Amino acid sequence: MLYCVEMTVSIPRDIALEEVERIKAAEKARAIEIQESGKWPHLWRVVGEYSNISIFDVAGNDELHSLLSSLPLFPFMKIKVTPLAKHPSSIF
């Protein structure tokens with residue numbers, strides 16, 4: 001199943017900068033791992049925001065939740081998930 005996932009990150013200001021940098025490095029490593037698996041084929045930054053729009057290609061809701069909750073920044077994210085279906089007028 002394909003899902004459009006909008007993730008907006010809001011890290012509290014009271015977390016030490018070193019900890020924030022550690023979390024961001026772990027986030028990048030995990031995101032690359034998921035992308036290399038083929039389950040996260042598209043990742044776009046939203047200009048001017050600490051946010052992204054992504055497409056996930058997974059078996060279903062449970063797998064998507066498992067992947068999203070495995071992200072180190074997950075506790076600091078607001079996430080909106082939209083299941084996708086092929087449009088009947090699409091030529092692709």
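Helices and strands here are DSSP runs, numbered from the N terminus. The model is a predicted one.

**Ser37**

Ser37 sits in the loop that joins H1 to strand S2 (42-45). Its relative accessible area is 44%, so Ser37 counts as partly exposed, a class that lies between the limits of 20% and 50%.

In soluble globular proteins, nonpolar side chains tend to be buried together. In this model the largest nonpolar core contains 17 residues, and Val5, Met7, Trp40, Phe56, Leu64, Leu68 and Leu71 have the most contacts inside it. Two or more core residues come from each of strand S1 (2-9), helix H1 (17-36) and helix H2 (61-69). S1 gives the largest share, four residues.

Leaving aside residues up to four places away in sequence, Val5 touches Asn52, Ile53, Ser54, Phe56, Leu64, Leu68, Ile79, Lys80 and Val81.

**The largest pocket**

The largest pocket has a volume of about 400 Å³. It is lined by 18 residues, of which Glu27, Leu43, Arg45, Tyr50 and Asn52 are the closest to its centre. At least two lining residues are supplied by each of S1, H1, S2 and strand S3 (51-57). H1 provides the largest share of the lining, six residues. By type, the lining consists of ten nonpolar, three polar and five charged residues.

How values were computed
Residues are numbered from 1 along each chain as its sequence is written. This is a predicted model: local features need pLDDT of at least 70, side-chain atom pairs count only at pLDDT 80 or more; totals for chains, interfaces and linings use all residues. Side-chain values use heavy atoms; hydrogens and water are left out. A nonpolar core is a set of buried Ala, Val, Leu, Ile, Met, Phe, Trp, Tyr and Cys residues joined through side-chain atoms within 4.5 Å. Buried means under 20% relative accessible area, exposed over 50%, partly exposed in between (1.4 Å probe, protein chains only). Contact means heavy atoms within 4.5 Å. On a 1 Å grid over the protein atoms alone, a cavity is a set of points where a 1.4 Å probe fits but cannot get out, and a pocket is an open set with protein on both sides within 12 Å along at least five of seven lines; lining residues have an atom within 4 Å of a point. Grid points are joined across faces, edges and corners, and a volume is the space filled by probe spheres set on the points. Ala, Val, Leu, Ile, Met, Phe, Trp, Tyr, Cys and Pro count as nonpolar, Asp, Glu, Lys and Arg as charged, and the others, Gly among them, as polar.
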